[in-house]
Structures are given as structure tokens and as C-alpha cells.
Amino acid sequence: MNVKYKGSCLCGGVTFGVDGFNEQAANCHCTMCRKFHGASFGTLVGVSGLKWLSGKESLKHFTASNGTVRTFCNECGSSLGFRVKGASIEEIELAISTFDECIPVKINAQIYTNYKASWSQLQNDLPVFGEGK
Ligand SMILES: [Zn+2]
Ligand SMILES: [Zn+2]
């Protein structure tokens, strides 16, 4: 097992490793990301070579009405990942803040800003997309 970057949930029960990342990710202000992350936006990143190192039995999955699946830790509630409808667990995009170290990913867009919270401030230095990219 040869993972380059590790991540974990808040309680530490779920740990995982990946070999690499999509180089770019977007801050998503859609209502579902806001609810799932309990935050002004969610940031999810595509990964390669994902391995669950511990706590796979603590993963719980929520399927939304549009068929997308959100994965979280059943013990501490940490938001861990997102999948499009019909995607396997291996195709999950991971919540970027679950990584425990610096990772080579650059945020390059702010998406679904039509749904952003009124109190949330966009970043001036990133392109804005009212819907998806
Ligand atoms: Zn946990
Ligand atoms: Zn979203």
C-alpha cells in the first residue's frame, strides 16, 4: 500500500489515502453543499488511487432526491464525500478539508453562486459561475 496523501474525519475513526488529485477544484455554494458541510460553501476534489485505511464500516451514505450520494462518518458526522448519481464509492470526490497535510490542488472557481447565502462573501480573485461550470 503506497499512498501519498492522507486524510481523516474529525474523530479519527475513518482514515484514507490517495495517490493524486485533480489539479483544480471549485468552491460550491449550492444549497446541498451548504447543508452537508454546514458552511458557506463546500469544496470537493477528485482523487486517484483512493484507499480506505480504517473505519470503512463507519461510512454512512445519504442519497438525495436527485440521486447524488453524500458520504459521512457515522460517529462524528464529518462530511467526507460526494458522488454523482450511479457512481461507485471508488469514484467519490472528497471533501478537501479532510486532508491532513498540504495537497497540490488549486481552487479555480466559485460555482452555483446563485444559491449562496446572503452573508457569504465571494472571493474577488476567482471566477464566478451562477450555476455549474
Ligand atoms: Zn469520524
Ligand atoms: Zn454543491
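What follows is a working chat about a predicted model of one protein chain.

Biologist: Which helices and strands make up the secondary structure of the protein chain?

Modeller: In this predicted model, the secondary structure comes to one helix and eleven strands, and along the sequence they follow the pattern β-β-β-β-α-β-β-β-β-β-β-β.

Biologist: And how compact is the protein chain for 133 residues?

Modeller: The radius of gyration is 15 Å, close to the 14 Å that the globule rule gives for 133 residues, so the chain is as compact as a globular protein of that length. Along its principal axes the C-alpha trace spans about 40 × 30 × 25 Å, and 30% of the 133 residues count as buried.

Biologist: What share of the contacts comes from residues 24 or more positions apart?

Modeller: Among contacts with a separation of 6 or more, residues 24 or more positions apart account for 55%.

Biologist: Let's turn to the open sheet of three strands; what order does it have?

Modeller: The order is S1-S2-S6, with antiparallel pairing. Strand S1 (5-8) and strand S6 (51-54) are the edge strands, each pairing on one side only, and the twist averages 30 degrees from one strand to the next.

Biologist: How many bridges are there between S1 and S2?

Modeller: S1 pairs with strand S2, residues 15-18, over four bridges in the antiparallel sense, and Lys6 has Gly17 in S2 as its bridge partner. The two strands form a hairpin with six residues between them, and in that turn Gly12 has a positive phi of about 85 degrees.

Biologist: Which residue takes a positive phi in the hairpin of S8 and S9?

Modeller: That is Gly77, with a positive phi near 80 degrees, in a hairpin that has five residues between the strands. Strand S8 (residues 69-73) and S9 pair in the antiparallel sense over four bridges, and the bridge partner of Phe72 is Ser79 in S9.

Biologist: Which residues touch the most other members of the largest nonpolar core?

Modeller: That core has 23 residues, and those touching the most other members are Cys28, Leu44, Val45, Leu80 and Leu94. The elements that give two or more residues to this core are S2, strand S4 (24-28), helix H1 (31-37), strand S5 (42-48), S8, S9 and S10. As background, nonpolar side chains in soluble globular proteins tend to be buried together.

Biologist: Take Val45, then: what is Val45 in contact with, leaving aside its neighbours within four places in sequence?

Modeller: Val45 is in contact with Phe21, Asn22, Ala25, Glu93, Leu94, Ile96 and Val105, once its neighbours within four places in sequence are left aside.

Biologist: Why does Tyr112 count as buried?

Modeller: Tyr112 counts as buried because it has 22 C-beta neighbours inside 10 Å, where the cut-off for burial is 20 or more.

Biologist: What about Pro127, buried or exposed?

Modeller: Pro127 is exposed, because 11 other C-beta atoms lie within 10 Å, and the cut-off for that class is 12 or fewer. Pro127 is also placed in the segment after S11.

Biologist: Last one: which strand is Leu59 found in?

Modeller: Leu59 is found in strand S7, residues 59-63. With 19 other C-beta atoms within 10 Å, Leu59 is partly exposed. Leaving aside its neighbours within four places in sequence, Leu59 is in contact with Val14 and Thr71.

Biologist: And how far apart are Leu59 and Ser40 in space?

Modeller: Leu59 and Ser40 are 24 Å apart in space, C-alpha to C-alpha, and 19 residues apart in sequence.

How values were computed:
Residues numbered from 1 in each chain as written. Chains lettered and ligands numbered in written order. Predicted model: local features only at pLDDT ≥ 70, side-chain atom pairs only at ≥ 80, totals over all residues. Pairing = 2+ DSSP bridges. Axes fitted to C-alpha atoms, helices over the stretch in contact; angles between N-to-C directions. Contact = placed C-beta atoms within 7 Å. Core = buried A, V, L, I, M, F, W, Y, C linked by C-beta atoms within 7 Å. Rg over C-alpha atoms; globule rule 2.2 N^0.38 Å.
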